[in-house]
Amino acid sequence: MTDRLTLTRLRRHIHDLVGIRPEWEELASCAQTDPEAFFPEKGQSARQALRICNGGPGREACPVRTECLNAALAQREYSGVWGGLRASELRKLVKPLLAADRAANKERKAKAAAAQAAAREAKAKAKAAKTGARTATRVAA
Ligand code: SF4
C-alpha cells in the first residue's frame with residue numbers, strides 16, 4: 001500500500017467523519033470502490049481505474065471527472081488515477097504547478113527577509129539618533 005493511498009483513505013475517512021465531503025464526491029463513480037485500484041503499484045495496470053473514470057463499452061464515464069481533476073490539481077496530487085488521467089499524465093500537469101509554488105514561496109521568503117532587514121535597520125537608526133541626541137545634550141550642559 002502506498003503512502004498516497006493511505007492519505008487518500010484517511011482523507012475520505014476524515015471527510016466522512018466531519019461531514020465535509022465535497023458534494024461532487026457523492027456522484028463519483030469510484031465512491032463505492034476500493035481506492036487501491038486507483039493507486040496501482042509499479043508494474044500494475046491502471047486499466048480498471050481508468051475504465052471506471054472514463055467509461056467504455058457498456059459503462060458510462062464518471063460524471064465528475066472535471067471536478068475530480070481540479071481537486072487533484074489543487075491538492076498537487078501527482079500519483080494515482082484522478083479525473084480519468086493516469087499518474088504520468090497527471091505529473092505533467094502538476095509539475096509546473098509545483099514549480100510555481102516553489103517560486104512563490106521563494107519570493108515570499110525573500111520579501112519577508114527584506115522586511116526584517118528594513119525593520120532592523122530602522123531600529124538601529126532610531127537607536128543611533130537617540131544616542132546622538134543624549135550625547136549632544138551632555139556636551140551642551
Ligand atoms: S474521475 Fe475521479 S471521481 Fe470519477 S471515478 Fe475517476 S477518480 Fe473517481
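Here is a quick briefing on the model above, from the overall fold down to a few single residues.

This is a predicted model, in which local features need pLDDT of at least 70, side-chain atom pairs count only at pLDDT 80 or more, and totals for chains, interfaces and linings use all residues. Residues are numbered from 1 along each chain as its sequence is written. In short, the chain has 4 helices and 0 strands, and a ligand is surrounded by 14 residues.

**Fold and confidence**

- Starting from the N terminus, the elements run α-α-α-α; helices (H or I, at least four residues) and strands (E, at least two) are DSSP runs, numbered from the N terminus.
- The chain averages a pLDDT of 87, and 88% of the residues score at least 70; pLDDT is the predictor's confidence in each residue, from 0 to 100.
- Among the elements, α2 has the highest mean pLDDT at 95, while α1 has the lowest at 67.
- Of the 141 residues in the chain, 15% count as buried. Buried is for residues with 20 or more other C-beta atoms within 10 Å of their own, exposed for 12 or fewer, and partly exposed for anything in between, with C-beta atoms placed from the backbone.
- Take the contacts between residues at least 6 apart in sequence: 44% of them join residues at least 24 apart. Two residues are in contact here if their C-beta atoms, placed from the backbone, lie within 7 Å.

**Around the ligand**

- The closest residues to the ligand are A28, C30, C53, C62 and C68; a residue is near a molecule if its C-beta atom, placed from the backbone, lies within 6 Å of it.
- Helices α2 (47-54) and α3 (65-74) each put at least two residues into this shell.
- Sorted by class, the shell has 10 nonpolar, 3 polar and 1 charged residues. Ala, Val, Leu, Ile, Met, Phe, Trp, Tyr, Cys and Pro count as nonpolar, Asp, Glu, Lys and Arg as charged, and the others, Gly among them, as polar.

- A49, I52 and C53 are the buried residues to look at in α2. Seen down the helix axis, the buried residues of α2 fall within an arc of 95°, so they line one face of the helix; the arc is that of the directions from the helix axis to the C-beta atoms.
- As a reminder, an α-helix has 3.6 residues a turn, so residues three or four places apart point the same way.
- The cover over the buried residues of α2 includes α3.
- The largest nonpolar core has 14 residues, and A49, C53, V81, W82 and L90 touch the most other members. A nonpolar core is a set of buried Ala, Val, Leu, Ile, Met, Phe, Trp, Tyr and Cys residues joined through C-beta atoms within 7 Å.
- Two or more residues of this core come from each of α2, α3 and α4 (87-140), and α2 gives the most, with 3 residues.

**Residues to click on**

- V81 touches F38, A46, A49, L50, C53 and R86, leaving out residues up to four places away in sequence.
- L50 sits in helix α2 and is partly exposed because it has 18 C-beta neighbours inside 10 Å.
- The C-alpha atoms of L50 and V81 are separated by 7.2 Å, although the two are 31 residues apart along the chain.
- A37 lies in the loop between α1 (3-18) and α2, and is partly exposed because 19 other C-beta atoms lie within 10 Å.
- Setting aside neighbours within four places in sequence, A37 is in contact with Q48 and A49. A37 and G80 are 43 residues apart along the chain, with their C-alpha atoms separated by 8.7 Å.
- R76 is in the loop between α3 and α4, and its phi is positive, near 55°, in a residue other than glycine.
- R76 counts as partly exposed because it has 13 C-beta neighbours inside 10 Å.
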